[in-house]
Amino acid sequence: MQIDSSIFKAYDIRGVVDSTLTTDATYAIGQALAELAHEKGVNTLCVGRDGRLSGPKLSEALMKGIASMGINVIDIGMVPTPVLYFATFCTGTGSGVAVTGSHNPPEYNGLKMMMAKDTLFGEGIQNLRDRILHGINPTGREGTITRQDVVTPYLNKILSDVKLARPVKVAIDCGNGVTGPLAMKLFSQLGCEIIPLFTDIDGHFPHHHPDPSKPANLSHLIEVVKNSDAEVGIAFDGDGDRLGVVTKSGEIIFPDRQMMLFAADILKHNPGAPIIYDVKCTRRLVPWIKEHGGVPTICCTGHSLVKAKLKETQAPFAGEMSGHLFFNDQRWPGFDDGLYAGARMLEILSRSDNPSALLESLPSAVNTPELHIEMAEGENKRFVARLQKELHFDDATDIITIDGIRVEWSDGFALARSSNTTPVVVLRLEGDSQQALERIKQRFAQAIRAVDPNVQLPF
């Protein structure tokens with residue numbers, strides 16, 4: 001069959017429902033996944049979906065496609081993506097699909113996939129497209145589709161693991177994503193007093209977009225935490241695999257600073273272990289990890305790439321600036337889970353009489369948000385390759401080129417990398433002071449314009 005190749009992204013499958021991502025396409029993807037499952041010796045896939053309006057029809061098409069090729073399906077229903085990951089562990093399949101649009105607009109949906117304990121990304125996703133375009137050979141067998149409750153064992157696992165030192169009053173913003181009911185149940189059973197925001201599942205996302213990486217989406221939460229007796233605020237994205245945190249004064253604790261708190265806690269029990277962070281994270285992480293007895297290990301951006309690095313190094317913890325946090329210690333099996341990260345965060349904060357003060361005391365720097373240079377499809381990768389080849393900085397302390405180019409100075413850094421999901425060059429700059437940041441901006445801009453005088457810089 002013909003299928004829109006644009007839906008096969010670097011880390012997932014994603015498109016506009018009934019336009020680029022249709023039920024026929026989703027059925028065919030199910031068949032391609034089943035064919036791959038046969039080759040990998042996998043006989044069962046778990047399937048879950050988020051709260052988007054298109055979720056039921058797409059997940060049904062996917063499951064029918066998988067079963068049509070003789071592979072069995074465990075339908076775990078409407079759950080956060082991390083619960084799907086958990087299902088692949090607790091059922092022993094190591095394989096599954098979350099039907100989710102993550103933090104994309106309401107008209108989008110997509111698929112995040114695991115096969116034989118590995119996350120599918122890059123060539124693995126393109127391979128599915130190739131299978132469909134070349135034609136799937138029917139097996140002549142029909143698999144079964146059965147329902148299974150995974151939420152109960154998921155809750156039990158967290159509640160048996162995470163213990164708060166005292167009750168914490170917390171405001172929780174679920175952005176009308178799929179986490180709402182489960183978050184209310186989990187955090188109340190942990191012993192929290194909850195001020196709920198937008199915990200009803202609504203695929204229209206009527207209040208704000210469920211993406212806590214964007215400060216504008218945290219404005220409601222900040223207002224509530226400031227004007228109530230909540231000690232801290234936490235937020236989840238649309239499918240529950242990312243965490244946002246705000247303090248009593250309204251300060252946003254971005255994920256690279258959240259990682260400091262987690263790393264210090266985990267390294268108490270895993271001295272000398274690597275801690276993985278992506279190229280967009282603050283440079284303040286490096287001395288922090290070293291001071292707490294860990295080995296800072298930089299990684300390419302992208303949750304699938306971080307998972308691969310986690311598997312390679314067996315690090316007990318990894319995180320990236322986007323908010324994906326991976327606990328791989330003795331307590332949790334290594335997948336990104338905003339709900340579990342929130343529970344671990346409150347466990348640490350419950351040991352303090354003033355959680356917000358503890359969070360705000362974490363080392364910080366002056367930095368830009370993620371900035372974009374928009375380009376034509378494919379041009380962003382070519383432009384970053386030129387930067388890697390042509391940029392030279394005699395005054396830099398280090399130049400890291402594992403993912404774009406990150407130039408380190410003694411008082412800050414500048415990063416330019418190609419997005420793997422959209423045709424943009426991603427920029428992020430940081431200084432120990434505003435003066436340092438301004439100098440780094442000027443220095444980096446001058447160097448980029450020497451490569452292309454016509455480039456429109458967003459700073």
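Which residues are buried in α1? I looked this up before anything else. In α1, Ala-25, Thr-26, Ala-28, Ile-29, Gly-30, Gln-31, Ala-32, Leu-33, Ala-34, Glu-35, Leu-36 and Ala-37 are buried. Buried here stands for under 20% relative accessible area, exposed for over 50%, and partly exposed for what lies in between, with a 1.4 Å probe and protein chains only.

**Entry: ground rules**

I note that this is a predicted model, in which local features need pLDDT of at least 70, side-chain atom pairs count only at pLDDT 80 or more, and totals for chains, interfaces and linings use all residues. Residues are numbered from 1 along each chain as its sequence is written, and side-chain values use heavy atoms, with hydrogens and water left out.

**Entry: the whole chain**

I read off 14 helices and 21 strands in the protein chain. These are DSSP runs numbered from the N terminus: helices are H or I with at least four residues, strands are E with at least two. The radius of gyration is 22 Å, close to the 23 Å that the globule rule gives for 459 residues, so the chain is as compact as a globular protein of that length. That radius is taken over C-alpha atoms, and the rule is 2.2 Å times the number of residues to the power 0.38.

Along the principal axes, the C-alpha atoms fill a box of roughly 65 × 55 × 45 Å. Of the 459 residues, 59% count as buried. The chain exposes about 17,600 Å², and carbon and sulfur atoms supply 49% of this area. Accessible areas come from the Shrake-Rupley method with a 1.4 Å probe; for residues, only the protein chains shown count as cover.

I then looked at contacts, meaning heavy atoms within 4.5 Å. Among those between residues at least 6 apart in sequence, 69% join residues at least 24 apart.

For charges, I found the mean positions of the 45 positive and 55 negative ones 2 Å apart. Lys and Arg count as positive, Asp and Glu as negative, while His and the chain ends are not counted. Each charge is placed at NZ of Lys, CZ of Arg, CG of Asp or CD of Glu.

I checked the length of α1 (residues 23–40): at 1.5 Å a residue, its 18 residues should span 26 Å, and the end C-alpha atoms are 25 Å apart, which agrees. The expected span is 1.5 Å times one less than the number of residues. The buried residues of α1 pack against β1 (13–16), β2 (44–49), α2 (55–67), β4 (96–99), β5 (108–115) and α4 (123–134). Gly-41 follows α1 and has a positive phi, near 75°.

I ran the same check on α8 (residues 255–267), where 13 residues should span 18 Å at 1.5 Å a residue; the end C-alpha atoms are 18 Å apart, which agrees. In α8, 13 of the 13 residues are buried, so this helix is largely enclosed by the rest of the structure.

**Entry: Arg-52 and His-103**

I located Arg-52 in the loop between β2 and α2. Arg-52 is buried, at 2% relative accessible area. Leaving aside neighbours within four places in sequence, its contacts include His-103, Tyr-108, Asn-109, Gly-203 and Phe-205.

His-103 sits in the loop between β4 and β5 and counts as partly exposed at 31% relative accessibility. Not counting residues up to four places away in sequence, His-103 touches Arg-52, His-209, Pro-210, Asp-211 and Arg-242.

**Entry: positive phi**

Most residues other than glycine have a negative phi. I noted Phe-205, not a glycine, with a positive phi of about 50°. Phe-205 lies in the loop between β9 (193–197) and α7, and is buried at 9% relative accessible area. Ala-116 also is not a glycine and has a positive phi of about 50°. Ala-116 is in the loop between β5 and β6 (118–119) and is partly exposed, at 30% relative accessibility.

I found His-220 in helix α7 (residues 219–226), partly exposed with a relative accessible area of 31%. Leaving aside neighbours within four places in sequence, His-220 is in contact with Leu-197, Phe-198, His-207 and His-208. Pro-153 is in helix α5 (residues 151–161) and counts as partly exposed at 31% relative accessibility.
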